[in-house]
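Visitor: I have a structure open and would like to talk through how some of its parts pack. Could you take me through it?

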Amino acid sequence: MRKVSKRLKIQMNPAGQEESIINNDLFVTEIPVWYQPNGKVNPKWLSICEEERNQTTALLEQISNPSNLIKAYKQVKKNGGSSGIDGVTIKEFGIWFNTNYQTLQTELQQESYRPQMVRGIKIPKPKGGFRLLGIPTIKDRVVHQAISQVLQPIFDPKFSTNSYGFRPKHNAHQALVKASEIVKSGKSIIVDLDLAKFFDEVNHQRLLWLLGTRIGDKGLLRLISKIVKTDILIDGLQEQRIKGTPQGSPLSPLLSNIVLDELDQELTRRGLSFVRYADDLQIFVSSQPSAKRVQEGVINFIENKMKLKVNREKSGIKHCYEVNFLGHRILYGGKLGLSQSSEQRLKEKLKTITQRKRGVSFEQLIKETRTVLEGWLQYFRLADMKSKLTKIESWLRRRLKCFRLKQCKHTIGIVRFLRKLGVEKTLSWRTALSGKGWWRLSNSPALSIGMSNQWFIGQGFYSLTENYKQLHCKPL
C-alpha cells in the first residue's frame, strides 16, 4: 500500500491564485473510474477507498466537536425554515443550544442520539403532481448540517468536474456554459434522462454501501442509517421510510451527489460528454444512432446497477433546442436561449403581483416587481433574449398603467392624474371619457405621453432591457 504524505497541498485556482488545502494527498487525488470495461470494480479504486477508510475512523468525533456544532447551528439559523414535528422554532432551539450543546455532543459521541420523525409537506410542481418535502426538527437539522460540514471536504474534491449542483464554488451558470461548449463542438443531440422521483427512490442499502467504501467510522455510518430511515409524518399519518432521502435536510444534497457520482464515473469511463446538475442529467452525442445506444446502455446501468428508476415518458432523445435545461434552451452553435416555460412562469408571477383588485400602493407594486425582475434577470442573464425582454417589458408596463389608472377611480380622477403628468387638457378628457377598457386605455396616446418610459424610471421601475445590456456581457 502506498504511503500517504501529510504535507500541506497547494493548488492553483482558475484565477491563478494560490489556494491552501489543509488536507493530505489522498483526499485531493482524483479517484479513477469505479468500474472496468468488463463491469468489475476497479482494483485501484478499491485500494484508494481502503486508504480512506483507514483515515476516516474518527469522523464522529469531528462532527460532535463543539466548534463544528456551533457552526452548524449558525448555518441552520441563517437558512431559516419552519419547525419540525416538535414545533420548536429556531429561536427556541437557540436558547436551549446555548447551554446544552455539550448534551448534544455527548449523545453523538455515545451513539445515544435518536433523530425525530420528519414532517412531510407536499409541494405542487409547475407541471402537475407533488414534490414531497421533508422538514426535520431544528435539532436534527443541526446534526445533519454538522455531518455535511465534515463529509463535504472529503467527498467533494473527487466528484466529477461535470457535476455542478449543490457543490461549493459550482453553480447553474457554469453548468449552462459547459453544455453550451459541448453543443458548440458539434454534439447537438441530447439524451435527456429524467430520474423518476430521485430523492424518494434512493436505495438505502446502496447508499450506505457507497458511504462505507470510503468511511471507516462505523458509528457515523450507523448514525446516517438512522437519519435516512427516519419515519415521516404526512397528513397525520406516519410512514416508514424504506428508501429515499428527505428533501429539506441539509445532508440530502450531499448524499444525492454521493449516489449520483457513481453514474458520473461510469459516463466518464464510457467517454461520454455530459453535464449533471443535481438529478438533471444531459448526455451529448453527435448522431441519432449513437444516442439510441447510449440511452439504452445508461438506462440499464441506472436501473440495474444503481437501483434507481428512469421516467421513460419524460426521458428521450432530442435536438438541443428542444431540451429545457435549467430553464434554458441550447440553440445550434451553442448559444443559450430562454425556454418557453421560464418565460411563462415569469409572466404568471407578474400577473399575480399586478392584479388590479389588489389594495396596495403603486409604489409598493413597483418594489415588488423590481424584486422579482432583478433576481430573474440575474439568473437568466446568459440567454440571448433581447427581443423577448422588449415584449415582456412592454406588456408589464401596460399592466402597471392599468393598475395606476384604476386607482384614479372616477373620470375626474383620471383627468387630474393625466394633467399632472403634463397631458394636454382636451386629450385628458377625451381619454377619461372614452369608455374603453383599462387594457385598451393603457395603449392610448395620452398614457404614452404621460406614463412614458422615462416616467417609469422615475418611479423606480426596473428595466429588463437596460439592465440586460450590462448583465449579459458581464463575465461569470
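Visitor: How are H14 and H15 oriented to each other?

Guide: In this predicted model, H14 and H15 are roughly antiparallel to each other, a label given to angles over 145 degrees, with under 35 counted as roughly parallel, 65 to 115 as roughly perpendicular and the rest as oblique. The axes of helix H14 (residues 362–380) and helix H15 (residues 386–407) cross at roughly 165° and come within 11 Å; axes are lines fitted to C-alpha atoms, for helices over the stretch in contact, and angles run from 0 to 180 degrees between N-to-C directions. Helices here are DSSP runs of H or I with at least four residues, numbered from the N terminus.

Visitor: Before going on, what should I know about the numbering and the confidence limits?

Guide: Residues are numbered from 1 along each chain as its sequence is written, and, the model being predicted, local features need pLDDT of at least 70 and side-chain atom pairs count only at pLDDT 80 or more, while totals for chains, interfaces and linings use all residues. Side-chain values use heavy atoms, with hydrogens and water left out.

Visitor: Which residues of H14 and H15 meet?

Guide: From H14, Phe362, Leu365, Ile366, Leu373, Trp376 and Leu377 meet Leu389, Leu396, Leu400, Phe403, Arg404 and Gln407 of H15, where contact means heavy atoms within 4.5 Å.

Visitor: What about Arg404, which ring does its charged end sit over?

Guide: The charged end of Arg404 sits over the ring of Phe417, at 4.3 Å from its centre; the criterion is NZ of Lys or CZ of Arg within 6 Å of the ring centre and within 35 degrees of the ring normal. Lys347, in turn, lies over the face of Trp395, 4.8 Å from the ring centre.

Visitor: Now H6 and H10, how do they cross?

Guide: Helix H6 (residues 138–155) and helix H10 (residues 218–228) have axes that come within 12 Å and cross at roughly 135°, so H6 and H10 are oblique to each other. The crossing in which H6 passes H10 is left-handed, and Val143, His144, Ile147 and Leu151 in H6 meet Leu220, Leu223, Ile224 and Ile227 in H10.

Visitor: Switching to rings, how many aromatic pairs are there?

Guide: The structure holds 13 aromatic pairs, counted where rings of Phe, Tyr and Trp (its six-membered ring) have centres within 6.5 Å, with planes under 30 degrees apart called stacked, over 60 edge-to-face and the rest tilted. In one of them, the ring centres of Phe93 and Trp96 are 5.5 Å apart and the planes lie at 35°, so the pair is tilted. Both residues lie in helix H5 (residues 90–109), three residues apart, about one turn of the helix.

Visitor: And why is Phe93 with Phe97 stacked?

Guide: Their planes are at 25°, with ring centres 5.6 Å apart, so Phe93 and Phe97 count as stacked. Ring pairs link Tyr73, Phe93, Trp96, Phe97 and Tyr101 into a cluster.

Notes: Helix = DSSP H or I, 4+ residues; strand = E, 2+ residues; numbered from the N terminus. Left-handed = near helix turned anticlockwise from the far one by under 90°.
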